[in-house]
Amino acid sequence: MAYGDTEHDEALRTAWHAFCDRLKDVGELVFADPAPATPLERAVGLQYVARNISAGLEIGLEHADPLYPQLFRMMAPNRKRGGDNPDCVYFLGIIDGSETYRLVGNRGSAHFIAFSAVRPLETIPEGEAAEVGRLLGDELETEWDGSFVVTVSPDPHPGNWVRTTPEVDKVWVRQFFGDWNREQPMDVRIERVGAEGPPPRLTPERLAAGLEAAVDELHETVDYWRGWQEHYRAQPNRFLESPTARKLGAAPGGLPQHVYFMVQPDEALLIEFTPPECSYWNFELNTYWMTSIDYRYHLSSINGSQAVLEEDGSVILVVAHDDPGVPNWLATDGHCEGHIGLRWMQADSQPTPATRLVKLADLPAALPPGARRIDEAGRREQLRLRRIGVDRRFRI
């Protein structure tokens, strides 16, 4: 048996070659303006592309049939995009907004959860949001043991319901963890009401279409996020509200703020604020490519459960390459520039943190008198617990 023995061989080979050639084209975006031209950013950019090939395949091919949906983990320590939150476990399902689905599971004890039905960007009317329906954790009705059923449909249902419209094509399940070492992940699955039997067998036509959809998705993602930063990059080291958060379907329950950090190895970015009353808050460091800095081994994010507060209830964060000796360190892992995302969820106010860029050597003098400090043993324990928490949440 060899090439040409079936009538579909030529079309399949053509589809596969086109897929591979377009992957090369996506990789070229890493070397194009306005991306930073450093060895680290080039390597991280190509890592970003390579890791997200699997995401494109899951969306475009493996789980693309909305009549036979499957929730899958969209972001993880080894697959990142779009400012993925280190506190969050993201599940995604491809659906048809005209159909009715059930999400069945057990809530677990994640600090903040959200179910969201979203539509593609190209279908969103001017001034409206990607999200069509939502259900937040404090609204979720559960049984005594934490079990739940959520209906996702265009028609209202009693109990837990997430509204859809015909153009909706995805459902997101987000779990935000405060205490990584104590909170338990959710168990959840999706089913379409009325589904029977297995999905149709794979055909050459569907394989070819899936490969094309996969690389379309990958190209769109890489191309979009590499330019998204420019608004913030033009005004470095200061927090700005996001003009596109609602349209992009950002995590529901709060308005994100963003800052593009530019910090050299001999500098530190001092961030000071008093947290508002809210369900959840966090800060996270991302690369230029909007991929989270490796949170398994670096203190690259912090949330309201993890932060050490000052005596007056304020929080001091320090963005630096080397350990600044304060408990709330945001470590750059060698990146001299990148993105910091801030979320206040269900907050009574939206304060904008104050920022100051100082020389690292001058940081002790820049800190308020009596500011909290941490020793080497304390830092080692922070990092040890962080790695354990990652493995627990992702069930590695």
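Author: The model shown here is predicted. A polar contact of 2.8 Å joins the side chains of Thr 291 and Thr 287.

Reader: Where does Thr 291 lie, and is it buried or exposed?

Author: Thr 291 is found in the loop between β13 (280–286) and β14 (301–303). Its relative accessibility is 6%. Because a residue under 20% relative accessible area is classed as buried, Thr 291 counts as buried.

Reader: Which residues does Thr 291 touch, leaving aside those up to four places away in sequence?

Author: Thr 287 is joined to Thr 291 by the polar contact already described. With residues up to four places away in sequence set aside, Thr 291 touches Val 44, Tyr 48, Lys 80, Arg 81, Asp 84 and Asn 286.

Reader: How many salt bridges does the structure hold?

Author: A salt bridge here requires a side-chain nitrogen of Lys or Arg within 4 Å of a carboxyl oxygen of Asp or Glu. Arg 79 and Glu 58 form one of them, with their closest N and O atoms 2.8 Å apart. The number of salt bridges in the structure is 23.

Reader: Which parts of the chain does the pair Arg 79 and Glu 58 link, and how many residues apart are they?

Author: Both Arg 79 and Glu 58 are buried. Arg 79 belongs to the loop between β1 (72–75) and β2 (88–94), whereas Glu 58 belongs to helix α2 (residues 39–62). The pair thus links distant parts of the chain, at a separation of 21 residues.

Reader: Which strands are linked by the salt bridge between Arg 356 and Glu 272?

Author: The closest N and O atoms of Arg 356 and Glu 272 are 3.2 Å apart. Arg 356 is partly exposed at 37% relative accessible area, and Glu 272 is partly exposed at 22%. The two residues are 84 residues apart, and the strands they link are β18 (residues 354–359) and β12 (residues 267–273).

Reader: Which residues are linked with Arg 102 in a network of salt bridges?

Author: This network includes both arginine and glutamate side chains. The residues linked with Arg 102 are Arg 189 and Glu 191.

Terms used:
Residues numbered from 1 in each chain as written. Predicted model: local features only at pLDDT ≥ 70, side-chain atom pairs only at ≥ 80, totals over all residues. Heavy atoms only, no water. Helix = DSSP H or I, 4+ residues; strand = E, 2+ residues; numbered from the N terminus. Buried < 20%, exposed > 50% of the residue type's maximum accessible area, 1.4 Å probe, protein only. Polar contact = N/O pair within 3.5 Å; in protein donor to acceptor, adjacent residues only side chain to side chain. Contact = heavy atoms within 4.5 Å.
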